[in-house]
Amino acid sequence: MADNTKQLTDEQKTILNEFREKVSDCQLVDSSDAFLLKWLIARNYKVDLADKMLRQSLEWRRLNRVNDILETWTPPEVIEKYYSIGQCGYDKFGCPLWISAQGPIDIRGIMQSSTKKDLTRFMIYIMEKNALNMRQNPERCATQNICVVADMENLSMWQMAYRPVNDVRNEMLRIYEANYPENLRRIFIINAPKLFIVIYNMMRPFMHQVTIDKICVYGFDKEEWTAALLKDIDADQLPAHYGGTMTDPETGDPKCPHKFNMGGPVPRSYYVSNSKPVPKEGMLNLEIGSGSKKQLEFDVASITSVLRWEFMTEGGDIEFRIYHVTISEKEEIIEVVPVSRIESHLVMEEGEIICDYTGKYVVEFENGFSFFRSKKVHYHIEVNPAIC
């Protein structure tokens, strides 16, 4: 591993030695200079603040049994098989390269087959697996940082607005910032749709500016993002699907399934909940007759307000959509969450969006596809103040 202390000033070296002495009573999974420097950098070389941060993290590790997670915990099969993530190689700086194809992930299927706790623990498991790899391969891993390629192609509003996933994402950002400081060298977000701003705005309040500065976002111009990737990553370390030369050694598949999976629909055989959802206390309800629909109107006073919903149905699935009505000489409807049939009779539906407009938002439940059966919707919908 590269000697990071060579780039330190004499004052920073003195601070590092002081910090090492201050935490000498701690049982650390890694006592290298590179590891200790992460905590100092995260707290601007303030020894007392870095000491507090590290000790809080050690307590978090103890309470959550993180130190032995690789030996004592096995990820649910559905997450390992259908959550797209894996290490493909290394970048030019010696950082492990991880790739995740977010678009094809059937995140609703995963959440109906496991729990938010399982998915959060899986992310911690991946972080610990990567940390162990770097400790065991000091010559190959020149730094204690990682490089990530997140492919957003085919990422839908339904994936981004699904609240259980947003909950996991926000929780993981909190865990990451508090317990894995300075772990990221660069993240390339490619094939990012315009709707990505929704998910990114949700993440930013939980992120430090240093982390935000390491994020590079690219749209669908493959030539542009391929050039950016190859500037930091040798072609033989990058799947051919992403502009490199790596292919599956047996099949020649350019997506390299031997390194990481590409997600896909989760078979219903994995679903763990066969019981019907139960209305939560305080939920309101609507009766929607066969062939009919009902709308609920909400006034949004400021942009970046958050519209949240959760609902379940009795009698079968329901069509759900959200749209904004513009205020002008002629009313115009702007689709916000496109119509989709939701199996809310099987699992509670949850979601949220950040509002890009002020004015009237309409939440619509439609039972037009059902000729004989009426549906009962139990719901809770609210508009929360704008994100600062």
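How do the residues of the lining of the largest cavity divide into nonpolar, polar and charged? They divide into 29 nonpolar, five polar and one charged. Here Ala, Val, Leu, Ile, Met, Phe, Trp, Tyr, Cys and Pro count as nonpolar, Asp, Glu, Lys and Arg as charged, and the others, Gly among them, as polar.

The model is predicted; local features need pLDDT of at least 70, side-chain atom pairs count only at pLDDT 80 or more, and totals for chains, interfaces and linings use all residues. Residues are numbered from 1 along each chain as its sequence is written, and side-chain values use heavy atoms, with hydrogens and water left out.

Two cavities of 30 Å³ or more are found in a search of the whole structure. A cavity is a set of points on a 1 Å grid over the protein atoms alone, where a 1.4 Å probe fits but cannot get out; lining residues have an atom within 4 Å of a point. Points are joined across faces, edges and corners, and a volume is the space filled by probe spheres set on them.

The volume of the largest cavity is about 990 Å³. Its lining holds 35 residues, and Tyr83, Gln102, Met123, Ile187 and Met203 lie nearest the centre. Two or more lining residues come from each of β2 (96-101), α7 (116-136), β3 (146-151), α8 (157-161), α9, β4 (184-190) and α10 (196-203). Helices (H or I, at least four residues) and strands (E, at least two) are DSSP runs, numbered from the N terminus. Helix α9 gives the largest share of this lining, six residues.

The second largest cavity holds about 250 Å³ of space. It is lined by 20 residues; Val29, Phe35, Ala131, Asn179 and Tyr180 are the closest to its centre. At least two lining residues come from each of α2 (33-42), α3 and α7. Helix α7 gives the most, six residues. By class, this lining has ten nonpolar, five polar and five charged residues.

Helix α9 (residues 163-179) also packs on helix α3 (residues 47-63), at an angle of about 125 degrees and with the axes 9 Å apart. Axes are lines fitted to C-alpha atoms, for helices over the stretch in contact, and angles run from 0 to 180 degrees between N-to-C directions. The two helices, α3 and α9, are therefore oblique to each other. Angles under 35 degrees count as roughly parallel, over 145 as roughly antiparallel, 65 to 115 as roughly perpendicular and the rest as oblique. Met53, Ser57 and Trp60 of α3 meet Ile175, Glu177, Ala178 and Asn179 of α9. Contact means heavy atoms within 4.5 Å. Four of the contact residues are nonpolar, two polar and one charged.

An open sheet is formed by four strands in the order β6-β13-β8-β11, with antiparallel pairing. Two strands pair if DSSP finds at least two bridges between them. Strands β6 (284-288) and β11 (349-354) stand at the edges with a single partner each, so one side of each has no neighbour in the sheet. Neighbouring strands are turned by 25 degrees against each other on average, direction ignored. Strand β8 (residues 306-314) pairs with β11 over six bridges, in the antiparallel sense. Leu307 stands opposite Ile353 in β11. Helix α9 lies across β8 and β11, at about 65 degrees to β11.

Two loop residues other than glycine complete the description. Arg65, in the loop between α3 and α4 (69-72), has a positive phi near 50 degrees. Asn191, in the loop between β4 and α10, has a positive phi of about 55 degrees.

Technical notes:
1 Å grid on protein atoms, 1.4 Å probe; cavity = no way out; pocket = protein on both sides within 12 Å on 5 of 7 lines; lining within 4 Å.
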